[in-house]
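Subject: Handover of a structure and findings

Dear colleague,

Please find the sequence and the structure below.

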Amino acid sequence: MCATIALQKHLKYKARLMSTPISFMPRVATGLLVMLVLASVVIADESLLPDLGDRESAALSPYEEESLGRAFLMQVYRNIRTVDDPILKYFVRKNLYELAEHSDLQVSTLTPIIVDSDELNAFAAPGGVIGVNLGLLIFARDIHEYSSVVAHELAHLSQRHFARRIDQARQLGVSHLLGFLTSAAIFAAGGTDPGLAAMAVSNSLNQNLSFKYSRTQEHEADRIGLNALTAAGFDPMGTVRMFERMKERFRFASASESLYFLRTHPLTDERISDLRNQAQTAEGKEFEKSLEYQLMRVRVAHRYFDSASAAMVHAASLEGEALHEKYDLALALVRNDEELRAVELMEEVYDADPHSIVVIGCFADLLINANEGERALELVDAALANTPNNEPLSLLKADALRSLERYEDATNVVKRVVRQSSDDPDLWLKLETIAGLAQNIFEVHRARAERHALRGQFPDAIENLQFAKKKIEGKSSFLEASLNQRIQELREAAALNS
């Protein structure tokens, strides 16, 4: 009962803080700060927690970690620009679960987040949240380097480093906890905000102890992550290559950039040497190259070209023989209104691996952008016959239908997808947009309500469900009852945050 009252009080405090007109990045820090202050209050009475036999659970139970993860996601969805590309999201999720199968992770559900930033970064958060910046895909040259970072972050989760740092922060006092929260905010946000960096520098921490503890965790994550990487069939030397290039890059970085990076991923010669010794058994062994990963790198790169001419200049610098380079040129040609040549190049890529969901998705997406919606629809439908309800292919089908102005059909496709993945705000936004084109105002309001709810904006969610109710008043008792139930659930959530 006491824990419940404490939870309610601190959620009310969080809501008051979040209603204050503060700027974008400090709001992220504030949200994380409140989440962990809440955690410190709930864990203060250890008699309320189940005895799970480990110190980490005494500091923060798995259930509390999951709750913090949900609160963290609300902050991310509300304040940080994420990537809604279904093909990229599919690739990142597939790779994440492939590595997780070989990790020590106990949780069954993982939530990958792709942050729309070209800064090199990745992070793990409570509740199975793994975040990667687009900058990681730009920097990591192959699937093995990229996967080494993801495996490292999974190790942070499996070893419950978050709970362990909470436990240490509680022992050292409030100032250390505040410093940890500040660094967590910088980490999640990409380390690009000078105000947060200044807060981290000026905070009254025990710097030596903080660094020692962080390095201990990093070494542990290195070892366990490398084991998972190897077990999953990736090249363990990818970790060594990645770390060596990271260290070389930041050797000449500015003071503020180096400070941020070294505080979150302290790199030492000893650490790299340990990894090399552990990975030596793989030296000389041949590992497969990943066309899918290289296509994703190309896809990311083209997000940052601000014009067709910039994309064409980049494509002209390539040799153009490798399949991913053909895709690179094809994307540039589409932007330059040279659709025919773009499609011809992409056909070569598709013919090389016609069963890959990623390759099919890239081809269908290019066809849509080349104004060949009918052909894209045929391609996706043929693939869906073999993999029914595949999320990225279904979303591309909706895009193809939209390009053909078949808005009602597209709405129905996206509705089926959100029934499978209702915790993704990007899907609700897509449904809201396409339903608007179909002039289905009921679905517009319902989708908007669920997107607001995932962002923690409960009053707005309730208001939109009430609008939706008016659209079907007297037409469907089942739908009305369903909406009433959902409104009640959101009211309870809003009351907890009021």
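Helix α4 (residues 62–79) has 18 residues, and its first and last C-alpha atoms lie 25 Å apart, close to the 26 Å expected at 1.5 Å a residue. The expected span is 1.5 Å times one less than the number of residues. Helices here are DSSP runs of H or I with at least four residues, strands are runs of E with at least two, and both are numbered from the N terminus. Please note that this is a predicted model, in which local features need pLDDT of at least 70 and side-chain atom pairs count only at pLDDT 80 or more, while totals for chains, interfaces and linings use all residues. Residues are numbered from 1 along each chain as its sequence is written, and side-chain values use heavy atoms, with hydrogens and water left out.

Several residues of α4 are buried, among them E64, E65, L68, F72 and Y77. Buried means under 20% relative accessible area, exposed means over 50%, and partly exposed lies in between (1.4 Å probe, protein chains only). L68, which belongs to α4, is buried at a relative accessible area of 8%. L68 and P126 are 58 residues apart in sequence, yet their C-alpha atoms are 6.1 Å apart in space.

For the chain as a whole, there are 26 helices and three strands. Of its 498 residues, 52% are buried. Contact means heavy atoms within 4.5 Å. Among contacts between residues at least 6 apart in sequence, 66% join residues at least 24 apart.

Ten of its 13 residues are buried, so α21 is largely enclosed by the rest of the structure. The buried residues include P392, L393, L396, K397 and D399. They pack against α5 (86–100), α19, α20, α22 and α23. The end C-alpha atoms of α21 are 18 Å apart, which agrees with the 18 Å that its 13 residues should span at 1.5 Å a residue.

Axes are lines fitted to C-alpha atoms, for helices over the stretch in contact, and angles run from 0 to 180 degrees between N-to-C directions.

The axes of α22 and helix α23 (residues 425–437) come within 8 Å and cross at roughly 160 degrees. That makes α22 roughly antiparallel to α23. Angles over 145 degrees count as roughly antiparallel, under 35 as roughly parallel, 65 to 115 as roughly perpendicular and the rest as oblique. The contact of α22 with α23 divides into eleven nonpolar, one polar and two charged residues. In this scheme Ala, Val, Leu, Ile, Met, Phe, Trp, Tyr, Cys and Pro count as nonpolar, Asp, Glu, Lys and Arg as charged, and the others, Gly among them, as polar.

Helix α24 (residues 441–454) and helix α25 (residues 458–471) have axes that come within 8 Å and cross at roughly 165 degrees. The two helices are therefore roughly antiparallel to each other, and α24 passes α25 in a left-handed crossing. Among the residues in this contact are F442, H445 and R446 of α24, together with F458, L465 and F467 of α25. By class, the contact of α24 with α25 has nine nonpolar, three polar and four charged residues.

Helix α15 (residues 291–303) packs against α19 at an angle of about 35 degrees, with the axes 9 Å apart. Their crossing is also left-handed. The contact involves L291, E292, L295, M296 and R299 of α15 and I357, V358, V359, C362 and D365 of α19. It has seven nonpolar, no polar and three charged residues.

Most residues other than glycine have a negative phi. N371, in the loop between α19 (357–369) and α20 (373–386), has a phi near 65 degrees and is exposed, with a relative accessible area of 65%.

Yours sincerely,
A colleague

Key
A crossing is left-handed if the near helix is turned anticlockwise from the far one by less than a right angle, and right-handed if clockwise.
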